Amino acid sequence: RMELSKRALKMEPSVTLAASAKAKTLKAEGKDVLSLTVGEPDFATPKNIQEAAKKAIEFGETSYYTPTAGIPALRQAVVDYMQDNYDLTYKVSETIITNGAKFALYLLFQVLLDEEDEVIIPTPYWVSYSEQVKLADGVPVFVEALEDNDYKVTVSQLEQVKSAKTKAILLNSPSNPTGMIYTKEELQAIGEWAVANQLVIVADDIYGHFIYGDAEFTPIATLSDAIRAQTIIINGVSKTYSMTGWRIGFAIGDQKIIRAMTDLASQASSNPTAVSQYAAIEALSGSQESVEVMRQAFEERMEKTYQWLSEVPGITVRKPQGAFYLFPNVRETMTICGYEDVNDFVEALLVEANVAVVTGKGFGAPDNIRLSYAADLATLEEAVKRIKHFVEKKQ
Ligand code: PLP
């Protein structure tokens, strides 16, 4: 009677959340662990957003269910945000507010996929995509974005994995975990290929505001009307406004799909937290000053940590163009240290060097580890120092 369903049995827990929980437990036990595990900005949610939430509580906006797809003013704020930032015109009915972008993706795969429908996912990929596709009885089809091509896939690679069952392709640019960004031309080629093959493009644009150097972020939906018609944009306030705990994300695109997602959410979760929705209105339509402050801080940390990491024996690392992760290839470093499996290497870093990072395996990349630079500079410097000492000692 107490046996788990097949669905539950085939599910993997999130490796990033697991790694972060483990680091937290060790810290609570008094260990001096530095954690570079989690994808949450380490800044406080900006004051103007906090104030909007306080006001919502004081005005009693908390004692009722909101509409499932979100309060109209927030959906309108999403529409305005897309217009102002990207010159993309959407109707309110083409938007849904969700409990984080993660739940938007979950709802999307549930309403999009039939049994055995395939979703092309470039690897390395954010840990939840494949599990969410499986939870919807779909099949994740991985295509390896090569390190030599800056961890980006090409149309000819996509052509090789396409089948009669392919329903959608997932794009996450800037990428978690690699920090890479597809150029406009690359996206145009992939977008046109998806249109020609009648595939839905799932565009996870959540890191679109954290861009460094001379890199540029292009939402794929801006590239043509045909591409836009087949794209569902996933985004949210978690990263851009340091609001991971508030749990507000959104999806934008085809009205029929958005309506089905809304119907499913109405049965699953009713609505995103009311207070958080009021905070998100302020985030999207209030002052954007804090975003640039955070972006600059991330860029400085990235530049420095990238330099420090480059000095660790055996490590090769691409310089990120966006997001807040470094994704070094540690295959040679592991060989130097006598490890075969990246999970063992990560465990040893935690236990022996007191540095918590995430195994690349959960991202489909067994030669890599992921470091989040959503931590202060002193922590980052000390963490990389510890990794370097660890490797040098084992040499
Ligand atoms: N998409 C990517 C690529 C992410 O890295 C994350 C968070 O780590 C999410 C979506 C989900 O964000 P949230 O559910 O906090 O909006």
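**Domains.** I kept in mind that this is a predicted model. I began with the domain assignment, which gives domain 1 as 6–45 + 290–394 and domain 2 as 63–285. Taken over C-alpha atoms, the centres of the two domains are 25 Å apart.

**Where the domains touch.** I found 36 residues of domain 1 in contact with 34 residues of domain 2. On the domain 1 side, α2 (15–28), α12 (289–310) and β9 each give two or more residues. Helix α12 gives the most there, with six residues. I sorted that side by class and got 17 nonpolar, eleven polar and eight charged residues.

**The record.** I checked UniProt, where an unreviewed entry places "domain: Aminotransferase class I/classII large" at residues 31–387. I looked at this span in the model: 42% is helix and 14% is strand, and its end C-alpha atoms lie 16 Å apart.

**Around the ligand.** Which residues come nearest to the ligand? I noted G100, A101, K102, G236 and S238, out of 13 residues around it. Helix α5 (residues 100–112) gives the most to this shell, with three residues. By class, the shell has three nonpolar, eight polar and two charged residues.

I traced three strands in an open, antiparallel sheet, in the order β9-β12-β11. Its edge strands, β9 (325–326) and β11 (358–359), each pair on one side only. Two bridges join β11 to β12 (residues 369–372), and I found I369 in β12 as the bridge partner of T359.

How values were computed:
Residues are numbered from 1 along each chain as its sequence is written. This is a predicted model: local features need pLDDT of at least 70, side-chain atom pairs count only at pLDDT 80 or more; totals for chains, interfaces and linings use all residues. Two strands pair if DSSP finds at least two bridges between them. Helices (H or I, at least four residues) and strands (E, at least two) are DSSP runs, numbered from the N terminus. A residue is near a molecule or strand if its C-beta atom, placed from the backbone, lies within 6 Å of it. Ala, Val, Leu, Ile, Met, Phe, Trp, Tyr, Cys and Pro count as nonpolar, Asp, Glu, Lys and Arg as charged, and the others, Gly among them, as polar. UniProt positions are given in the numbering used here, feature names are shortened, and annotations may be inferred rather than shown by experiment. Domain bounds come from an automatic or database domain assignment. Two residues are in contact if their C-beta atoms, placed from the backbone, lie within 7 Å.
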